Each structure stands twice: as structure tokens, then as C-alpha cells.
Amino acid sequence: MSQRSRVIDLYKRLQYLGREYPGGAEKFRRKCHDAFLRNSNEQQPEKVEKMIGLGEYIIKELEALYSLRKYRAMKKRYYDDK
């Protein structure tokens with residue numbers, strides 16, 4: 001898979017995961033778009049790979065954030081905090 005297609009796939013996955021972002025989906029979408037636009041002229045493969053790695057890390061962090069939020073909602077639903 002080429003770097004270009006990997007970057008496009010990363011962008012799409014981030015946009016999808018940003019729908020439920022606690023700070024607001026539009027704010028996340030705008031920040032993500034600005035970050036990709038800011039780095040769109042990068043040509044060095046090593047730097048692009050590093051940025052892709054950072055994007056993958058952000059995806060994992062978002063997934064962890066959403067899992068934690070679901071866990072907290074379930075805990076609140078079934079257990080009293082008295």
C-alpha cells in the first residue's frame with residue numbers, strides 16, 4: 001500500500017472516530033483537517049512514516065477513551081456510588 005493511500009485511510013479513520021469526540025465532533029474534525037493540511041507538503045518518506053505512526057497512536061488513544069467512557073456509563077448504570 002502506498003504512503004498516499006495510507007494517509008488517506010488514516011484521515012478517514014480519524015474522521016470516523018471523531019464523531020463521538022467529547023469536545024465536539026466539529027472541533028475535532030476541524031483540528032484534524034488543519035493538521036493534515038499543515039503537513040500536506042511533506043515529501044520525505046521518513047517524516048511521513050513518523051506522522052502516520054503518530055496518527056495510529058491517536059487512533060488507539062481515541063479507542064481507549066471511548067472504551068473508558070462506555071465502562072464508566074455501565075458502572076454508573078449498575079452500581080451505586082454511595
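Guide: By definition, two axes count as roughly antiparallel when the angle between them is over 145 degrees, and as roughly parallel when it is under 35 degrees. The model discussed here is predicted.

Visitor: Are α1 and α2 roughly parallel or roughly antiparallel to each other?

Guide: The axes of α1 and α2 come within 10 Å and cross at roughly 165°. An angle over 145 degrees falls in the antiparallel class. The two helices, α1 and α2, are therefore roughly antiparallel.

Visitor: Is the crossing of α1 and α2 left-handed or right-handed?

Guide: The α1 side of this contact consists of V7, L10, Y11, L14 and Q15, while α2 supplies F28, R29, C32, H33 and F36. Seven of these residues are nonpolar, two are polar and one is charged. As for its hand, the crossing of α1 with α2 is right-handed.

Visitor: Is Q15 buried or exposed?

Guide: Q15 belongs to helix α1, and beyond four places in sequence it touches R29, C32 and H33. Residues under 20% relative accessible area count as buried. With a relative accessible area of 17%, Q15 is therefore buried.

Visitor: Which residues does C32 touch, not counting those up to four places away in sequence?

Guide: C32 is one of the α2 residues in the contact with α1. With residues up to four places away in sequence left out, C32 touches Y11, L14 and Q15.

Visitor: Which elements give two or more residues to the largest nonpolar core?

Guide: The largest nonpolar core has eight residues, namely L10, L14, L17, F28, C32, I59, L62 and Y66. The elements that each give two or more residues to this core are α1, α2 (25-38) and α3.

Visitor: Are α1 and α3 roughly parallel or roughly antiparallel to each other?

Guide: Helix α1 covers residues 3-17 and helix α3 covers residues 45-78; their axes are 10 Å apart and meet at an angle of about 25°. The limit for the parallel class is 35 degrees. Helices α1 and α3 are therefore roughly parallel.

Visitor: How many charged residues are in the contact of α1 with α3?

Guide: From α1, the contact takes in Q3, R6, V7, L10, R13, L14 and L17, and they meet α3 residues that include P45, E49, I52, G55 and Y66. The crossing itself is left-handed. By class, the contact of α1 with α3 has twelve nonpolar and two polar residues, and the number of charged residues is five.

Visitor: How far apart are the C-alpha atoms of E49 and Q3?

Guide: E49 lies in helix α3 and, at 33% relative accessibility, counts as partly exposed. Leaving aside neighbours within four places in sequence, E49 is in contact with Q3 and R6. Although E49 and Q3 are 46 residues apart along the chain, the separation of their C-alpha atoms is 7.9 Å.

How values were computed. Residues are numbered from 1 along each chain as its sequence is written. This is a predicted model: local features need pLDDT of at least 70, side-chain atom pairs count only at pLDDT 80 or more; totals for chains, interfaces and linings use all residues. Side-chain values use heavy atoms; hydrogens and water are left out. Axes are lines fitted to C-alpha atoms, for helices over the stretch in contact, and angles run from 0 to 180 degrees between N-to-C directions. Helices (H or I, at least four residues) and strands (E, at least two) are DSSP runs, numbered from the N terminus. Angles under 35 degrees count as roughly parallel, over 145 as roughly antiparallel, 65 to 115 as roughly perpendicular and the rest as oblique. A crossing is left-handed if the near helix is turned anticlockwise from the far one by less than a right angle, and right-handed if clockwise. Contact means heavy atoms within 4.5 Å. Ala, Val, Leu, Ile, Met, Phe, Trp, Tyr, Cys and Pro count as nonpolar, Asp, Glu, Lys and Arg as charged, and the others, Gly among them, as polar. A nonpolar core is a set of buried Ala, Val, Leu, Ile, Met, Phe, Trp, Tyr and Cys residues joined through side-chain atoms within 4.5 Å. Buried means under 20% relative accessible area, exposed over 50%, partly exposed in between (1.4 Å probe, protein chains only).
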